[in-house]
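Q: I would like to learn how to read helix packing, sheet order and chain contacts from a model. Can we work through a case?

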Amino acid sequence: MTDFFNTYGNLMVLMVFNAMLGLSLYLPLMAGQLSLASPGFYALGGYIGAVFSTKVFQSSDGAFPVSYVLLEMLVGGLASGVLAIVVGIPALRLRGIYLALATIAFVEILRVLSLNLTITGGAIGIFGIPQPFNRPLKYLYIAGPLLLFSMFFMYRLERIRAGRALTAIREDELAAGAMGINPTYYKVLAFTLGAILAGMVGALSAHFLNTWNARQGTFDASITYLTFALIGGSRTFVGPVVGAMLLTALPELLRFLGGIDQLPQSVRDLFLNGRLIIFGLLIVLGTIFFPQGIITPRLWERRRRTKAVRPAESNL
Amino acid sequence: MTTEPVPILELHGITVNYGGIRAIENIDLVVNTGEVVTLIGANGAGKSTTLRAISRLVNPLSGKIIYAGKDITRARTDEVVKWGIAQSPEGRRVLARQSVLDNLRLGAYTRSDRAEIERDLQQQFALFPRLAERRHQQAGTLSGGEQQMLAIARAVMSRPRLLLLDEPSLGLAPLIVIEIFSIIRNLHAAGVTILLVEQNARLALQNADRGYVLEAGAITFSGPADQLLGDERVKQAYLG
């Protein structure tokens, strides 16, 4: 068992990180806004964590204090939140594909900035970020509770007035306005909450990866997070969480399948080297057979309904 | 003995442009508390634009909108809903994926008096038995007439002082139209002030206190509804 955790510790932490990044993209999506800005906030949070822990906090010998990591996450989250409000108010006036384009531009601007600033270490980036834990798996002590908390938060959000306002905006912005909902306010709110989460994950991720540079938070990441929601489902917060975990674990699964000796060599090669082909295939097949994603609210609604109907039927 | 009419809504010289095209020009219109006022006219005459200016979905180029003594010309849509102007938008715009119940609850979005909201909900169900039967059904699965009823009921859920109805008879079977208008009469009897935009001029005038005729973006006739019903020019143009 310890062997398993040593081998897959990295992967499990990544799965939890990506689940939260999927949620960060899902939040504005709740209000029907396709924003691809999450990697930008993730990168910003990461740079904040990296700069703080290498330049501001003088690391004494031994492990880096966990309290400092938490502090960096707080600062990373807050900075991302403030930036999200500043960027979100003008950007969220755009709709549909135009908003997506603007947020891609935002991610690119941050990336080019980080390539050219001294404080971010230019193209080399920042490395030697101190470790608070002696094993990667221990990052789950922070990431795990954060994921559980954000999932609980999302569970509540989908059930309160604000959540109903978000879904109303997603369905029909004009009708939502006619009911007294302020669409701009809720769109910026959802965008900002998503940014805060991405920023916090970024700060933690900088420690986890040990190094941080402009390759973190790129357009590729935008698309990856989007597939989390596409494959997992975008009608409930469970969708992106499950999608992120599955898709993050997929390369490992393929590596395992590629190691099975009984399979023909060509199939094993496909599993081992054709990861991107299989990824693309899954997205295509997913949109055909699960247009709403794997996880939809109907999964549990149907069960509830059959439960509610059964007693009545027995009277017949 | 007549009581002095109390205006709840006044439009003074409202002009709206879409791009460079003038949609309505210099509209003056008054709705008094307790009245049903109808705005009739042909397709593209600017009826919906006028309503959208009031519900603050479009910005007037010039003019003033006064509601309950307050200038709302530059207010936001969600603000005017909070102040008591509710609308049943053109094309109904019910939230298709949500249940009838959730649609109605969202109608009361600006209110926080839970017990009263529940009471109003029951009242809507009493008024619209068909909605009560289908309360857990997705709104998109309702028939056109039922969706229109839902759109009206949803607007009423905000307890409006002024109800804007945009083409409630649009695309509905004649029998359903009659039902919708009897609902409008009931609402009026219950004391709701209504501004009704309609293409069906005869039915609208028959159910209104006063009427305005809109033609190519300007008001050409106005007066008591029965007087407009008897007017030769209105008859020729709109009543056939």
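Q: In this predicted model, what is the handedness of the crossing where helix 9 of chain A passes helix 10 of chain A?
A: The crossing of these two helices of chain A is right-handed. Two packed helices are described by the angle between their axes and by the distance between the axes. Here helix 9 (residues 219-232) of chain A packs against helix 10 (residues 238-258) of chain A at an angle of about 115°, and the axes are 7 Å apart. Helix 9 of chain A is therefore roughly perpendicular to helix 10 of chain A.

Q: Which residues make the contact between helix 9 and helix 10 of chain A?
A: From helix 9 of chain A come Thr227(A), Phe228(A), Ala229(A), Ile231(A) and Gly232(A). Helix 10 of chain A supplies Gly239(A), Pro240(A), Val241(A), Val242(A), Gly243(A), Ala244(A) and Leu247(A). By class, the residues of this contact are eight nonpolar, four polar and no charged.

Q: How many helices and strands does chain A have?
A: Chain A has 13 helices and zero strands. Its radius of gyration is 21 Å, close to the 20 Å that the globule rule gives for 316 residues, so chain A is as compact as a globular protein of that length. Along the principal axes, the C-alpha atoms of chain A fill a box of roughly 75 × 60 × 35 Å.

Q: What is the strand order of the four-stranded sheet in chain B?
A: Strands of a sheet pair through backbone hydrogen bonds, either parallel or antiparallel. In chain B the sheet is open, with the order 2-1-4-5 and antiparallel pairing. Strand 2 (21-32) and strand 5 (70-71) of chain B each have a single partner strand and stand at the edges, so one side of each is left without a neighbour in the sheet.

Q: How many bridges join strand 4 and strand 5 of chain B?
A: Strand 4 (residues 62-67) of chain B pairs with strand 5 of chain B over two bridges, in the antiparallel sense. Within this region, Tyr67(B) stands opposite Lys70(B) of strand 5 of chain B.

Q: How many residues of chain B are in contact with chain A?
A: There are 18 residues of chain B in contact with 13 residues of chain A. On the chain B side, helix 2 (77-82) and helix 3 (100-107) of chain B are the elements that give two or more residues. Helix 2 of chain B gives the most, with four residues.

Q: How do the residues on the side of chain B that touches chain A divide by class?
A: That side of chain B has seven nonpolar, six polar and five charged residues.

Definitions and conventions
Residues numbered from 1 in each chain as written. Chains lettered and ligands numbered in written order. Predicted model: local features only at pLDDT ≥ 70, side-chain atom pairs only at ≥ 80, totals over all residues. Pairing = 2+ DSSP bridges. Axes fitted to C-alpha atoms, helices over the stretch in contact; angles between N-to-C directions. Parallel < 35°, antiparallel > 145°, perpendicular 65-115°, else oblique. Left-handed = near helix turned anticlockwise from the far one by under 90°. Contact = placed C-beta atoms within 7 Å. Nonpolar A, V, L, I, M, F, W, Y, C, P; charged D, E, K, R; others polar. Rg over C-alpha atoms; globule rule 2.2 N^0.38 Å.
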